[in-house]
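Thanks for coming. Please have a look at the model first.

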Amino acid sequence: MKAFKYLSPKTVEEAIAFHGQHSETSKFIGGGTDVIVKLKEGWMEPDFLISLKKIEEMSELHKNEATQELSIGAMVTHATLEKSLMIQNDYPIIYDAVSNIGSLQVRNVGTIGGNLINAVPSADGAIPLIALDGVALLHGPDGERSCDVKDIFVAPYKTILKPGEILKKIAIPPQASNTGSAYIKFGRRAAMELPLIGIGVLLTLDETKEICIKARICLGVAAPVPMRAFGAEKLLVGKKINEEILIEAGKIAADESKVRDSVRGKAWHRKEMIRVHVRRIGLKCLEIIKNNS
Amino acid sequence: MATNISFILNGDEISYEVKDHWTLSHLLREEMGLIGTKEGCGNGECGACTVIVDKLAVNSCLYLAIEVEGKIVETIEGLASTSGALHPIQQSFVKNGGIQCGFCSPGMIMSSKALLDKNPDANHEEIKHALAGNICRCTGYVQILESVEAVKNMGGQNE
């Protein structure tokens, strides 16, 4: 690994200022589980490494009791999310996704923000945040701006972040009652594996618990960047929800996906797994709604 | 670029001048001579380099040495008592065939310790979840899991 100077700012402003002083030759580092591999392989050769670990506000995880908005600092580790009872109970789709990222050793250090910014097509962390209509708060030399989590991704390994810009936190708007959500990482094995396909579903039903009033079907590894299956979502909204219509939604989602062959699996297999799991995860959402009432 | 850091290593207060780009596994093995921690892949895939930092199991190959400033680090060298008696987890691995070629053992044992320190009654699934990031190429997983489960029945004896 090439030598670098390690900088440890205490505030976001200080981190951005450090970057401004050495813009061509510095890189930000979060937990480091991706960045250190890139440094070792020589894919990244900064003279200055700016760590975000000491910026306290970026490691905060809390729910505003008044507004019911959930705020997840970008430096919150996967293990912190996995162990949080609030996440387990109120946001099962996040728990499903983060509890099988890498290994425990990786989750103890790796962060949700880093998982997003690394922008691999298989980022497990992105899917639930998109399904929950998460909003990313970015802070850079020109000040703050926000965007939907879905719009962070431009292409594999490429995000909308400008040089010197930091993903500070993700805000999850309040969830309507009668909402259920779940995620499945489908692959050959659970641990130390990237998903063959990742499927997240969120359903909100009306007060009769029969009619779907909101649907999110989000897919990872189904396109160059995480995607929503808008056609499948549209089919469900306003309809009486049952297994038949979820089967139909699975077919539409599979057709909408832009899956391809890769070393980990074939496109036809990925399509089949989307078809099967949209139904299966949809039914799990209905089960969650039933159990919560 | 070097920085002086202070941390606690296996119970001892340590002050050490580290290069900013050193990983923790480099510091432990190459600089301090603590070669009980193994480095397998160097990319966080195999778990052989697992150590405990502030009660959490981490891959020391993906952790910058400079970041242990002010933290408590535990390695395999810190497990046996000063008289040389093995830690109950080590005893259990020896007794139950959890050690084959031995290369993954320090990492397996440190992952097990992080789990059992927090959750002494961990069940089979919890043990599997905690050890999923440790690869054994002798594929002796059954005995390894049995070794961790057996620690529960040893009553914490350290003899």
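A polar contact here is a pair of N or O atoms within 3.5 Å; within protein, one must be able to donate a hydrogen and the other to accept it, and residues adjacent in sequence count only if both atoms are side-chain atoms. On that rule, 12 residue pairs, both at pLDDT 80 or more, are in polar contact between chain A and chain B.

Some conventions. This is a predicted model, where local features need pLDDT of at least 70, side-chain atom pairs count only at pLDDT 80 or more, and totals for chains, interfaces and linings use all residues. Residues are numbered from 1 along each chain as its sequence is written, chains are lettered from A in the order in which they are written, and side-chain values use heavy atoms, with hydrogens and water left out.

Now the interface. Chain A puts 30 residues into the contact and chain B 29 residues, with contact meaning heavy atoms within 4.5 Å. The buried area is about 2300 Å², and carbon and sulfur atoms give 57% of that; the term is the accessible area (1.4 Å probe) that two parts lose on being put together, summed over both.

Which charged pairs cross over? The rule finds two salt bridges across the interface, each a side-chain nitrogen of Lys or Arg within 4 Å of a carboxyl oxygen of Asp or Glu. A:Lys5 and B:Asp20 form a salt bridge, N to O 3.6 Å. A:Lys53 has its charged end over the ring of B:Tyr63, 4.5 Å from the centre; the criterion is NZ of Lys or CZ of Arg within 6 Å of the ring centre and within 35 degrees of the ring normal.

Over all chains there are 22 salt bridges. Within chain A, A:Lys2 meets A:Asp47 at 2.8 Å, N to O.
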